[in-house]
Amino acid sequence: MQVKIVGGGLAGCEATWQLAQRGIEVTLYEMRGIESTFAHKTDGLAELVCSNSLRSDDPKVAIGLLHQEMRKLDSLIMSSADTAKVPAGSALAVDRELFSHIIEEKITNHPNINLIRERVDRIPEGNVIIATGPLTSEVFASEILRICENEDFLAFFDAISPIIYKDSINFDIAWFQSRYDKGDGKDYINCPMTQEEYYKFVDNLVEAEKVEFKEWEKNTPYFNGCLPIEVMAERGRETLRFGPMKPVGLTNPQTGSRAYAVVQLRQDNKEATLYNVVGFQTKMKYGEQQRIFKTIPGLENAEFARLGGIHRNTFINSPKVLNANLSIKNNSKLKFAGQITGVEGYVESAAIGLLSGLYMSYELNNKPAPIISKYTALGALANYITDESHAINFQPMNINFGLFPDINTKKGENKKAIQVENAMVKFNEWKSNNSI
């Protein structure tokens, strides 16, 4: 038994791991090392291109619940994230270089895995999982369109936040504190703004020179969970104060009171030498980024390890072309995984990789794939991308409780708490009944 997996991102690595751990030989193809993309900076497996955060690790919220379910299934991505963890309050953030290194080491040292660095232009024969991500090469994308019987690709824009060297931050102004003192209580660097400074900053964002889109990109929408900072500013002068620059839960030690707005920076590596600006993904030109971001109090002398950027992500209309077991409807040996399926987020991408590998391992042993209950976080996410009723207006989605089936609750009951409890019961039943 052998499986070929195309794409060494989070989903491809997770699918590879799940199969290899179950005794199945896997050939993993990754083109970086031979050929890169405009968004990647390294040739490391599972490189985190945008943020270094895997979001909240609180099991009482949907993404935290997804973390827990994946940990219970020996997730490579979650175990590597736990090892590469850096302070981030209640969120799970990682040293992105260490995270990638851990994954690459585990993949390359596994006896059932053969990593091949080459670009794949044709869909391989046999049992295959496609996890090429939203930056799939043009040649391979045409192959995908062919086997999807020419169902059009869909697309959205995603953006990248800038990263700043910690030793260039002015701590006479900035201070360490987590919102509401969560985590260690001082996991973020905070830069305060007065009302006058805030409105001037908003005006600068709106008036800044932006990267011009090519003609074929102009009708591509943004993903709402990752809007460029200047697009948020254009939606209203107070928008940022209720988004990434909200001042609540933070006390400025200089004044003993709350600032009008706050810019937060989150640790980006284990050495705590790099910090990324939270929620400041942008399509402004590089010169404008440096000019405007240096008007933030505490960042007047900021040195940038990386400036922000924007890239176009493509994905298939999964509800039209995928079965519940993540195989394509016209080829039971071919599955899809990761962001190319229309899930959004690092963890969500890895989660679909996990299920695709797990399901295929069963099928290779002549057993039906044990489809997970849609009352679980994993199941709700998979159901979103495989339920044909979602095909008409299909758009990328993070895990959230709105994807779970509705449940009846009595007045005064905490619906989300009940959904979490119910998910844990359903997950444990599924796992024990199928000897997962």
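Me: Which residues touch the most other members of the largest nonpolar core?
Reply: Bear in mind this is a predicted model, where local features need pLDDT of at least 70, side-chain atom pairs count only at pLDDT 80 or more, and totals for chains, interfaces and linings use all residues. Numbering starts from 1 along each chain as its sequence is written, and side-chain values use heavy atoms, with hydrogens and water left out. A nonpolar core is a set of buried (under 20% relative accessible area, 1.4 Å probe, protein chains only) Ala, Val, Leu, Ile, Met, Phe, Trp, Tyr and Cys residues joined through side-chain atoms within 4.5 Å. Of the 90 residues in this one, the answer is Leu54, Leu66, Phe99, Phe336 and Ile399.

Me: Which helix gives the most to this core?
Reply: Helices here are DSSP runs (H or I, at least four residues), numbered from the N terminus. With twelve residues, spanning 346-364, the top contributor is H10.

Me: How many of the ten residues of helix H2 are buried?
Reply: H2 covers residues 62-71 and is largely enclosed by the rest of the structure. Its buried residues are Ala62, Ile63, Gly64, Leu65, Leu66, His67, Glu69 and Met70.

Me: At what angle do helices H6 and H8 pack?
Reply: H6 (residues 195-207) and H8 (residues 286-293) have axes 10 Å apart, the axes being lines fitted to C-alpha atoms over the stretch in contact, with angles from 0 to 180 degrees between N-to-C directions. The pair is therefore roughly antiparallel (over 145 degrees). The angle is about 175 degrees.

Note on methods: Buried < 20%, exposed > 50% of the residue type's maximum accessible area, 1.4 Å probe, protein only. Helix = DSSP H or I, 4+ residues; strand = E, 2+ residues; numbered from the N terminus. Parallel < 35°, antiparallel > 145°, perpendicular 65-115°, else oblique.
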